[in-house]
Structure formats: structure tokens, C-alpha cells
Amino acid sequence: RLLRDAPNMNFTLTKRMDGDVAGIQVKGKGHQITYWIEKSISRDKSHKVIDIYRKAEPGLLPMVSEVEEVPELAAEEGNGVEVTNKSDADYEEFLQVVKSPVQLNEANNEPDPNNIDMYAADEIHEAMAAQDWSKLGYATSALVAATDDQEVIIVQASALLEHHLCRVLKERDAVLPLAAKVQCRKFVSDVASQYKRAEFHSLSHAMHVTTSMNRLLANILDEDPLNSFSLVFAALLHDAGHTGMSNKILTETKHPLSEKYKQGVPIAEKNSIDIALELLFRPEYEAFRLAILPDDMSKIEFAKTLFQGILVTDIATPEHNKLSIERYEVSQDERVVYDCRLCPLAHHISDVFDGVGLEDSVKEEYPDEFVITHRGLQKCVRNEQLMLLSDVSHLMQGWENFVKWNFRLYKELHTCTKKGLCDDPQNNWFQGQIGFIDHYMLPLTRRSRVYFNMEFADSLVANGLANRELWVKHGVKATDIMVHAAESGEEESIVLMLLYELPSLGSSEN
């Protein structure tokens, strides 16, 4: 009550957690929801928060950290200052206005609009989904700016997962339990730790793919919440555990991962799936897992999407690519007879069952889920096309994203070359990018037109063609810059500025 009535101060509080359980047992009162006082701020400064952000990033959502009033609180003795509230519902109401301690800008002691923890999951999602596709990640706001900062990525990724999971639960007439919210953030933190220090196949790449998937889903013509959640989940985990080496290198060097899987299984992709399911089914993520997978049908849908989405990203294996394209072509004609070899899960069905804890009896209960049907094939192909688009989305965005990720891929291959694991990439880098755009990316964008409105579908093709045109003009110079930088270890920020400015040079530098 004293805190509520304070005339000049607002107090920022965080909920006390004992593991995944909120609150503590209080003698004579039973289980109580309690809070730590993290920070205080004068009421006149807290009113400035929203205005500061609106000036910094007009058009994006306001923050939710302005505190007008807190629920009735009573002081409790203990180590440090802690407050208790009798009802969890009060905490949920309080959570809507206090997301985290308000960070102040050191220069002027004002609330810092770049503190991403000040925003709710829905705010982060909406800001990320509203980005200009061609400039994805290049806004100045911390909500959407691309970064290599692991902690910021964890906040962004967990916000996207939470948003999509809340949509799933809304369709089920349920709400996301507080324990599941907490576990979602911890889960993403564990996912982040699975990404190695690869130059390209990194946590930053996973976040770019996840952000691209989220943006594609905002433009999709037909979607359902669980499928969307599963695709975002798959995007985040699709390269978990990646070694920075191709499946070909893993096989040729007899890497331990190559010994783990049967011949013909995409090594890196299957390893990422295994990591995803091992993490999700850890006991400490029970509330998060049960929110996603409360029954057998949800397990079936989630697992199929996860396997389909990640396995298809093995784009370096020609036979897998060919089958993916054939599946697309067959899915466009209801009259054909389906060949069982078209099913991407045919060789992984036991892993699907084991991975999400399904019993064999579900085959009898849901027989149509385990045979090739036209509807099932269409859904599978849609999942694959969306994941493939997301995985190489930098090719069909602006020049900045195109050359940034192109350079990082070059550096990863250069590292393998120095170890004697592959041929020097510089020999065919310029022509190779043109060939990849012509024979892989452009056909992919044209196949995927059926999933989007005409304007957005056209923009994917147009961006790809624009990047091709710029690469033809400046690609030789860009390759020289990348080769020199990889050899010398030049700071990436300097290299990227050189690459970004090439189009402004006008005439061809080749």
C-alpha cells in the first residue's frame, strides 16, 4: 500500500521464482506470489518513456513500461526488499504495465528505448512482422534490428515463439501458463548455446531465418496457428549443432556425426532435429512442452512439420533437391498416383514417433496422417517451400542482406579450405552466385507464388533479380573484397561498408 500511494515514485518489480514455481510458502499464509523491487523511477520520468520511443521510431508500437499505478501490495520481511500479492491474477494485470526494470540512458538519465526487455512479446512480434521485407533487420529499433548479441536474440526469438504459441492456445480456448512463459525464454537460451562459432551457420543466421519465416507467415494466404508455431520453431533450430562443415565434409572426414546416422540421412539436419527434441523433452520444460503438445494429434502435426521443415534444408544434396521439386509438381495435380518415395518422412517415421513420445496405436487412431494424401502432400510441400524461402531469404531481400550473408558464407568455406577440407571457394565465387540465383533461388520464388498475394510474391522475384543485376555489375569487385578480408582477417564492419557502397559507385567495377 505504501508503494502504491508513493506520490513521487514508481517502482519496478519482478516476480520471485523458485525454479519454475512462482512465489513462496509464507508461514500462516500459505503460498504467496511475491516480488522483488528492482528499481524505482520518478513519476515524471516514467511518463516520458512512450514519447521518447515514439520520437525515436515513429510508426512502431509504444512501450508498456509506463507505470501509472501498481496493484495493492503489502511489505514482507526478508533478505532484501520483497513484496507480496495475494492473487496471481493481480500479478498478470501488473505484468501488462511492468515488463522489466526501466533502463536509463546514461547520458541524460532518461528511460532507454533500446532496452528490448521493455516490450511485450506481442509488441516485438508485431514490430518484426511489420518490417519492410527487403530491409529486414535494418531498422534502428532494438525490437527489430539484426544483431549478433546473443541476449538480444534470445529475447527476440522467445517473443516470436510466445506470440505464436499464444495463438495456438487461443484456438484451443486456453491461455499460456506463466510457468510456460518462463520456460520458453529458458528454452531459447538453451537453444542459443547449441549454436557453434560457425561464420554462416550461426545463431545469427538462425535468427535471420526465424525472422524471415515470421515475416513470410504474415503474408501467407492460408495458415493455421500450430503449423505457424512449428515452422517458427523449426526455423530457430534448423542449424542447431552445425559444425560449419557440409554433410559431404562430415562424411569424407568420418566425423563422429557421420557415424551416428545411416547412409543417405542428412547428417547436420537430422542432428538439429535430435537436438530440438532432446531439449524440448527435458523435464525442466514440461510446462512449455505441454502447452505445445497436449495430445497425440498436436504431437503428430508438430513433429511432421519439424521434420519436413528441417530435412528439406539439405539443399546441397542433389537427389534431395530433386525430390523436393518433384513433390511440389505432384502436389499441384490431384489426379496423379502418389509414389511412396515422395514422402520425406518415410525413412524417419520411427524417429518421429520416438521423438515426441507417440505410441504405435496412433496409426490406427489417425490412419490418414501416416499415408500420402493430396491434402497431406500439399501441406508438406507448403512447409518445405516456406522453409527453403526463409533459409535463403537474404538472396531475395535487399543488397545489404545479400552481401552480408554472402560474405559470411564465403568466410565459413574459406575456413574449411584452410583446414584442407574443401576447394578454395574464390575460384568460382562470382559465377557461382549467378548460377545459384538462376537455377535455385528464382525457380524457388516462382514455385512459391501460390502461397502469397501477387504483390508480395512479385516482390520476392523482383528482389532476387535486382540482386542478380547488382552482382553482375559489382560481383567481381565484391569477391575481391571478400577474398582479401578473409585472408587478412579484416574487421567485418569495415568489409560490409565496402560491400554496401558498391551500388553507389554507378558504373561497373568489374
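My entries on cavities and helix pairs follow.

**Basis.** I am reading a predicted model, in which local features need pLDDT of at least 70, side-chain atom pairs count only at pLDDT 80 or more, and totals for chains, interfaces and linings use all residues. Residues are numbered from 1 along each chain as its sequence is written, and side-chain values use heavy atoms, with hydrogens and water left out.

**Entry 1, cavities.** I looked up cavities (on a 1 Å grid over the protein atoms alone, sets of points where a 1.4 Å probe fits but cannot get out) and noted 3 of them of 30 Å³ or more. The largest cavity holds about 130 Å³ of space, a volume being the space filled by probe spheres set on the points, which are joined across faces, edges and corners. It is lined by 15 residues, and Ala146, Thr147, Met207, His208 and Thr211 are the closest to its centre; lining residues have an atom within 4 Å of a point.

Helices here are DSSP runs (H or I, at least four residues), numbered from the N terminus. By class, I noted 8 nonpolar, 6 polar and 1 charged residues in the lining of the largest cavity, where Ala, Val, Leu, Ile, Met, Phe, Trp, Tyr, Cys and Pro count as nonpolar, Asp, Glu, Lys and Arg as charged, and the others, Gly among them, as polar.

I found helix α14 (residues 296-311) packed on helix α16 (residues 349-356) at an angle of about 125°, with the axes 10 Å apart; axes are lines fitted to C-alpha atoms over the stretch in contact, and angles run from 0 to 180 degrees between N-to-C directions. The two are therefore oblique to each other, a word for angles that are not under 35 degrees (roughly parallel), over 145 (roughly antiparallel) or 65 to 115 (roughly perpendicular). In contact (heavy atoms within 4.5 Å) are Lys299, Phe302, Ala303 and Phe307 of α14 with Asp351, Val352 and Val356 of α16.

The axes of helix α21 (residues 454-488) and helix α22 (residues 492-500) come within 10 Å and cross at roughly 170°, which makes α21 roughly antiparallel to α22. I noted that Ala478, Ile481, Met482 and Ala485 in α21 meet Val495, Leu498 and Leu499 in α22, a contact with 7 nonpolar, no polar and no charged residues.

Note on methods:
On a 1 Å grid over the protein atoms alone, a cavity is a set of points where a 1.4 Å probe fits but cannot get out, and a pocket is an open set with protein on both sides within 12 Å along at least five of seven lines; lining residues have an atom within 4 Å of a point.
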